Amino acid sequence: MTASERIARAEEILLAEHRKSLRDASAYELHSALSKACMLEIAPAWRATEARRAEGKRAVYLSAEYLMGRLVFNNLYCMDILDQAREMLLEKGVDLALLEEVEDTALGNGGLGRLAACYLDSAATHDLPLDGYGLRYRFGLFKQKIENCRQVEVPDDWTRYGDPWSVRRDELAVVVPMKTGDVRAVPYDMPVIGYKSGKISTLRLWQAESLQELDFRLFNEQKYRLAASRKNQAEDITKVLYPNDTLKAGKQMRIKQQYMLVSASLQDMLRQLDAMGQPLEKFPDLFQAQLNDTHPSMGIPEWIRLAEARGVSFDQALDLAKRIFSYTNHTVMPEALERWDMDVLSSVQPEIARNLRRIDEACRRECGLGIVEDHQAHMARLAVYGSHHVNGVAEIHSELVKKTVFREWYEKFPEKFVNVTNGITQRRFLGLCNPELTVLIKSRIGDGFLTDLPQLKNLLPHIDGMKEEFLQVKHEKKRRFAAFLKGHAGVEISPDWIFDVQVKRLHEYKRQFLNALSILDLANGVRDGSIRDFYPTVFLFGAKSAPGYVRAKSIIYLINCVAEKINADEQLREVMQVVFVPNYNCTVAEKIIPAADLSEQISPAGTEASGTSNMKLMLNGAPTLGTYDGANVEIVAEAGMENNFIFGARVEELQALRDYNPRAIYEAEPRIRKVVDTLVDGTFPDPDGGLRELWEALLNGASWHRPDHHFLLKDFLSYQEARLTANRAYRDRQHWAEMCLKNVANAGKFSSDRAVEEYARIIWDL
Ligand code: 26Q
């Protein structure tokens, strides 16, 4: 199809649906028409991919979250028509940048949800038969505003202006049985467009609806409210994405969501099995199901329920389950592992609770270990037992999985445990968001790296001759981000300063708190003259906190207080500036990551399973300022210790640390004492005591944890040293550019293309 035919089609759709021409269409009308024109165009390829996959073995990704981000530019990019579309529209007097107003599809919290999206992208690009199942939340992750230095949550009504990238498949709706009332699960299909591959995967998202749209009997009896409440009760199940990225147990609604996801998805696969005329025993040879954390782990007992209903014995159903499912673990922090009360499970689906008990018994018979304990189902144990493979998401994390949380299970089933280091898609996180760097790389090594990232290695011999151009590109991306930030937050920053970037969900273990305290110490050093020639730096933060995570919200408040203080200080503002970028999401990530000079990855060793922003920043030429944790370990192994800034205690040291005494450090180090005490000495207003609570947590601990349980004070001085080393290194622009480019050239391993290929080969046997 030619570009002008395509635009003509969009014009027709616009005319039919809005009676408008391109020039007088609003951003959303244009978005809708253009997207629908693309949907028409890809329809044949989508159908062909689907038909082809129906013939053989394939894998499905089961995930409660998919953080797809803004779809339109990515989809045009993967169809390889983005530039053309932009030019054609410009000729017609329309600026494609209008679509910057279109919202993200944020059906995910953070890393785990974005990982799912990256894997679908890679599979479509490389023609691996992988499709996704998820939930179509009415409201995605909340939008964040900052008011009086605090996070305020605003609902994300992402379909308000329609959802042109989805197709409702009413004919494929299924019934999900629950004790609280059966629910209709209606699938909406989204295309996942492979980059220049002509292959289109399917993301099938289930929406909860009432079995009867309207209960006429009640309605006729004038019980309108009751009639409506039945309908609402069903629809509530997919009303909102849980905004936690860690455990908040006991919630019946969360169990309903998880159950609906797996029941509907398995029923859908069974329908396809029947269509192929295959018996149940063939299921594992046709479908492999990857559990994205334990959120879909009820799939195991649900499979048994469905298989028994088809006349298979429990034992055989369990054996089949163990050949169908595999489990990806994303955390070793024991408090973050899901456990559900058996009573709550029973109140949603008694059969699932019953099957869990039977699986527990079988497991105890087989290996002596239990799944249900103290009336609680340990979902990670279920996932390990019911799967043929269990994987961690980075080397160090997979080792810790075997040595710590699942040690006993590893001893019983050593052959199950493998590693698949996470990856990211270079299409969205380089090609699309950093076309300037992409052009520069292409000019030296061609464009093969866009589908084969290890080709970046070919840059190595060219690095000397690229430094100047790299620095220009980086400066341009910083200029662009500065312009965006002016509009987004009304803040002005200089592209001539260092952009020091920490972007990720807000968590105590991620230590944004350490970053903030460290900035206060740098400020003290600049003020008292002990730090000289400090290269001007903008410290950028982007982070959402779970709405109920009180301490995380206090940290956001602290960062904004520190920002106000420093940015208002005549002397300090000459060399430092602190900015909290509101509403960090996929779209903001695509703007800030290409502009970053330094990548902050500062979790205590052994806590961050992998991290993926570290990979995105590396790929865009930002050296890592980080600990020996998660995928940082592998980043440094690939790009060289000398091209990054690694600090802090190693995992062995932290594990061996018996009587950690942060108060001793506080008392022995005046610099540390000074910044910690700003939390309680009136430096910042603290009307609700949140800052004092942070101070307490560091020095006295709390009912549920020891003092400074994330070792901020332990790593503090070595962090400061690394920060200053990086600050000084930045002055040597040539050497700095070399470090950046060595990171880019060695980022090949961190493509999600490699990761899905490993899943396909090691786990799914595709
Ligand atoms: C659980 C129960 C109830 C409600 C919510 C949840 C929940 C939701 C989301 C628990 C955890 C999450 C998300 C976790 C997550 O994003 N983990 C990150 O996964 C990345 C991809 O593997 C890793 O790179 C990060 O290290 C890890 O923190």
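The ligand is surrounded by 19 residues, of which Leu112, His330, Asn422, Glu608 and Gly611 are the closest; a residue counts as near if one of its heavy atoms lies within 4 Å of the molecule. The structure is a predicted model, in which local features need pLDDT of at least 70 and side-chain atom pairs pLDDT 80 or more, while totals for chains, interfaces and linings use all residues. Residues are numbered from 1 along each chain as its sequence is written, and side-chain values use heavy atoms, with hydrogens and water left out.

By class, five residues of the shell are nonpolar, nine polar and five charged (Asp, Glu, Lys and Arg count as charged; Ala, Val, Leu, Ile, Met, Phe, Trp, Tyr, Cys and Pro as nonpolar; the others, Gly among them, as polar). Helix H5 (residues 111-125) gives the largest share of this shell, three residues; helices are DSSP runs (H or I) of at least four residues, numbered from the N terminus.

For Asn422, a side-chain N or O atom is 2.8 Å from a ligand oxygen atom. Of the 610 Å² that the ligand exposes when taken alone, the protein buries 93% (Shrake-Rupley method, 1.4 Å probe).

The lining of the second largest pocket comprises 16 nonpolar, five polar and 14 charged residues. Helices H3 (72-78), H4 (82-91), H17 (426-432), H18 (435-445), H19 (467-489) and H22 (586-592) each supply at least two residues of this lining.

Key:
A polar contact is a pair of N or O atoms within 3.5 Å; within protein, one must be able to donate a hydrogen and the other to accept it, and residues adjacent in sequence count only if both atoms are side-chain atoms.
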